[in-house]
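Trainee: I would like a close look at a single part of this protein. Please pick one residue and walk me through its surroundings.

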Amino acid sequence: MSLIHSAGIQSLKESLSKLKERFDGTQGEPYVVESKKFKALYFDSDSTQSLMDMQTPIRLVVSYTETMMGFLLFHENPQSIAMIGLGGGSLAKYCHHYLPGASILVLENNPKVIALKDKFHVPENSAHFQVLEADGAAYLRDSEEKFDVLLVDGYTKSGQASQLCSEDFYASCLACLNPNGVLVINFSGAAGLNQVYQERIDRVFEYPSVLVVEDDRMNQILFVSNNPCLKTPAEDLLRRSAALSKVHDIHLARTIQNFLAQRKLDAG
């Protein structure tokens, strides 16, 4: 989830604001709004759950999703990816297209969100891509599956789902990661509360996390791993970013600069 922040998208929001009275008060049920350029998934008119470019549906429009793809800097060729939270399928579509060798599992507990996936060009379920109606926290707790990458972006109308913020949940995430696995979480909301979540994560994982603040200041993206890959020297990460940017249509240069700045700040 991210508040609309670019000039073009802000204009879209303003043009659609008259829909507020019509749709707000639907008790958090998702709905879709279209313009000529974008298609958006909403729970209310104050924030978007997902945004799709009508001309290039695979493109990551909202900046925090690009930052979440920063896991590529630490695991360039994952074979297994799990995601909690479907939304409009932005990350799922991107990974399906640009990482064709990866098996992708998307866990979404809201059947009404899943029912809208065709409107956002989310791929059909197949041997290597599956959208499953399930509570992500319960699924990981009970699963013996292992993943190279775990992406958590689970929100409701009220904010981040409470079951995705507990120390037990973070322990389940750790247990489901392969060696050299990477966990990435989108936090949106009060920075102080996000620090509480980060402290819980750091009690579970052996190696410290890095919490990257988005340029729009509305989202913070946490990276953590069960190995010391987040300590990779800056020059190596910059080289990886340059190489990956030749393949991936995302702003990895911005992500790595923000990541390195925060890592330096954390180191004191």
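Mentor: The buried residues of α9 pack against α10 (252-267). Those buried in α9 (residues 234-244) are Leu237, Ser241 and Leu244. They sit on the same side of α9, because their arc around the axis is only 70 degrees.

Now to Glu214. This is a predicted model. Glu214 sits in the loop between β11 (210-213) and β12 (219-225). Is Glu214 paired with an opposite charge, or without a salt bridge? Glu214 is buried yet has no salt bridge. Arg254 carries the nearest side chain of opposite charge, and it is 4.9 Å away.

What does the side chain of Glu214 meet instead? The side chain of Thr67 makes a polar contact with that of Glu214, at 2.4 Å. The backbone nitrogen of Tyr64 lies 3.3 Å from a polar atom of the Glu214 side chain. Leaving aside neighbours within four places in sequence, Glu214 is in contact with Ser63, Tyr64, Thr67, Asn219 and Ile221.

Next, the nonpolar packing. The largest nonpolar core has 54 residues. Met69 is among those with the most contacts inside it, as are Phe71 and Phe259. Strand β2 (residues 38-44) gives this core its largest share, five residues. Apart from this core lies another, of 28 residues, including Leu105 and Ile201.

Note on methods. Residues are numbered from 1 along each chain as its sequence is written. This is a predicted model: local features need pLDDT of at least 70, side-chain atom pairs count only at pLDDT 80 or more; totals for chains, interfaces and linings use all residues. Side-chain values use heavy atoms; hydrogens and water are left out. Helices (H or I, at least four residues) and strands (E, at least two) are DSSP runs, numbered from the N terminus. Buried means under 20% relative accessible area, exposed over 50%, partly exposed in between (1.4 Å probe, protein chains only). Lys and Arg count as positive and Asp and Glu as negative; His and the chain ends are not counted. A salt bridge is a side-chain nitrogen of Lys or Arg within 4 Å of a carboxyl oxygen of Asp or Glu. A polar contact is a pair of N or O atoms within 3.5 Å; within protein, one must be able to donate a hydrogen and the other to accept it, and residues adjacent in sequence count only if both atoms are side-chain atoms. Contact means heavy atoms within 4.5 Å. A nonpolar core is a set of buried Ala, Val, Leu, Ile, Met, Phe, Trp, Tyr and Cys residues joined through side-chain atoms within 4.5 Å. The arc is that of the directions from the helix axis to the C-beta atoms.
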